[in-house]
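Here is a short briefing on one protein model. It starts with the whole chain and then turns to single contacts.

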Amino acid sequence: MITSQNTMRHLLKSLFATTSLALAMFASSANADEAADIGKLLRGGQTAEALQKVDAALASKPKDAQMRFLRGLILTEMNKSAEAITVFTKLTDDYPELPEPYNNLAVLYAATGQYDKARAALEMAIRTNPTYGTAHENLGDVYAKLASQSYDKALQLDSGNATAKLKLTLVKNLVGNTTGGTNPKNNPAPATAVTAAAQAKPSQVAAKADPEPAKAENPPAKAKPVAAAAPVQDKDEDDVMRAVDKWAKAWSNQETDSYLAHYAKDFQTPKGESRKAWAEERRSRIEGKGRINVKVESAKVSVDGNSATVKFRQIYTSDRLTANSRKVLVMTKQDGKWLIKQERAGS
């Protein structure tokens with residue numbers, strides 16, 4: 001979630017996900033094709049070109065809400081947070097009924113540790129749209145961070161406070177272990193999220209399990225041992241997760257051939273393009289991009305014969321951006337290997 005400059009970039013990229021939502025919300029305010037072109041440049045990391053196009057559009061239509069929103073996203077991608085905050089603040093003044101600018105303000109505030117401002121902005125987003133799920137989730141993360149700070153302070157004042165230690169551990173586990181996937185609305189970009197609070201390692205309290213219960217001298221005849229043998233289903237789930245971890249590692253190491261080999265022959269490309277075109281696009285997005293790191297966290301695996309579904313949070317970090325998003329992989333077992341048949345945003 002949000003503690004360091006590194007984690008901050010989770011949030012900054014998460015703003016990028018709202019591009020599609022912004023296009024829908026502000027569709028009547030600008031030429032859709034022009035906005036789509038700018039969005040494509042932004043997704044491709046061509047921020048300077050995108051900003052140039054936005055500024056050109058705003059020169060003739062300075063009040064255009066869609067272009068102003070896109071300008072805020074671009075400035076965020078360029079790490080010009082102060083300017084982005086100015087853009088989104090002005091949008092909330094001019095369009096107080098729209099929740100997205102408030103949400104993006106919250107992301108930027110949280111990235112710099114201004115959690116009270118982030119909370120206030122998210123509450124405004126929810127007030128304008130009570131069904132805005134992203135803002136509700138983000139507000140929960142901000143509250144978790146605020147709680148973490150309070151428990152930290154309590155421990156500074158009383159290091160022997162076992163209750164505060166336990167609560168701090170629970171909060172850090174709750175927030176720190178929550179990681180990526182993709183937009184539930186099938187947006188290929190990661191879902192907007194104020195993902196931040198505690199990336200810190202869990203407190204030692206977490207390692208202290210409850211005392212082992214006393215063993216009964218005459219246990220019931222049908223009592224089963226606590227540590228039961230793992231069923232075949234568990235082995236399949238482990239095999240699926242090993243395949244997913246290797247996929248993420250190949251991606252992180254920019255070993256493109258190995259990365260692509262994790263996809264099944266009948267992989268359903270996201271846009272219906274040919275497998276060759278999709279592979280070439282992925283290769284261009286991975287190779288020569290400097291540092292890349294992909295983490296898979298909070299994974300849930302369900303196996304049904306030779307098919308499996310893996311839902312998880314994906315944390316993607318590169319020199320250019322960081323994204324924390326939800327993702328779903330539909331896996332299939334072919335020739336003894338678990339391969340990716342479908343990859344989509346979702347939860």
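The protein chain exposes about 18,000 Å², and carbon and sulfur atoms supply 51% of that area. Accessible areas come from the Shrake-Rupley method with a 1.4 Å probe, and for residues only the protein chains shown count as cover. This is a predicted model, in which local features need pLDDT of at least 70 and side-chain atom pairs count only at pLDDT 80 or more, while totals for chains, interfaces and linings use all residues. Residues are numbered from 1 along each chain as its sequence is written, and side-chain values use heavy atoms, with hydrogens and water left out.

**Overall make-up**

- The protein chain has 13 helices and four strands. Both are DSSP runs numbered from the N terminus: helices are H or I with at least four residues, strands are E with at least two.
- The chain counts 347 residues, and 46% of them are buried. Buried means under 20% relative accessible area, exposed means over 50%, and partly exposed lies in between (1.4 Å probe, protein chains only).
- Among contacts in the protein chain with a separation of 6 or more, 62% join residues 24 or more positions apart. A contact means heavy atoms within 4.5 Å.

**Salt bridges**

- There are twelve salt bridges in the structure. The term means a side-chain nitrogen of Lys or Arg within 4 Å of a carboxyl oxygen of Asp or Glu.
- Arg71 and Asp55 form one of them, at 2.7 Å from N to O. Arg71 sits in helix H5 (residues 65-77) and Asp55 in helix H4 (residues 47-60), so the pair ties together parts that are 16 residues apart in sequence.
- Arg71 is partly exposed at 22% relative accessible area. Asp55 is also partly exposed, at 31%.
- Glu281 pairs with Arg285, with the closest N and O atoms 3.1 Å apart. Both residues lie in helix H13 (residues 275-286), four residues apart, or about one turn of the helix.
- Glu281 is partly exposed, with a relative accessible area of 34%. Arg285 is partly exposed at 40%.
- Arg283 forms a salt bridge with Glu287, and their closest N and O atoms are 2.9 Å apart. Arg283 is partly exposed at 28%, and Glu287 is partly exposed at 38%.
- Arg68, Lys90 and Asp94 belong to one network, joined by salt bridges that share partners.

**Strand pair S1 and S2**

- Strand S1 (residues 292-304) pairs with strand S2 (residues 307-318) in the antiparallel sense, over eleven bridges. Two strands pair if DSSP finds at least two bridges between them.
- Ser302 has Thr309 of S2 as its bridge partner.
- S1 and S2 form a hairpin with two residues between the strands. Gly305 in this hairpin takes a positive phi near 65°.

**Aromatic pairs**

- The whole structure holds ten aromatic pairs. Rings of Phe, Tyr and Trp (its six-membered ring) pair if their centres lie within 6.5 Å; planes under 30 degrees apart count as stacked, over 60 as edge-to-face and the rest as tilted.
- The ring centres of Trp251 and Tyr316 are 5.6 Å apart and the planes stand at 45°, so this pair is tilted. Trp251 is in helix H11 (residues 232-252) and Tyr316 in strand S2, so the pair ties together parts that are 65 residues apart in sequence.
- Trp251 is buried, at 7% relative accessible area. Tyr316 is buried at 15%.
- Tyr259 and Tyr263 have ring centres 5.4 Å apart and planes at 65°, so they count as edge-to-face. Tyr259 and Tyr263 are both buried.
- Ring pairs link a cluster of Trp247, Trp251, Tyr259, Tyr263, Phe267, Trp278, Phe312 and Tyr316.

- Thr112 is in the loop between helix H7 (99-111) and helix H8 (115-128). Thr112 is partly exposed, with a relative accessible area of 44%.
- Thr112 and Ser81 are 31 residues apart along the chain, and their C-alpha atoms are separated by 9.2 Å.
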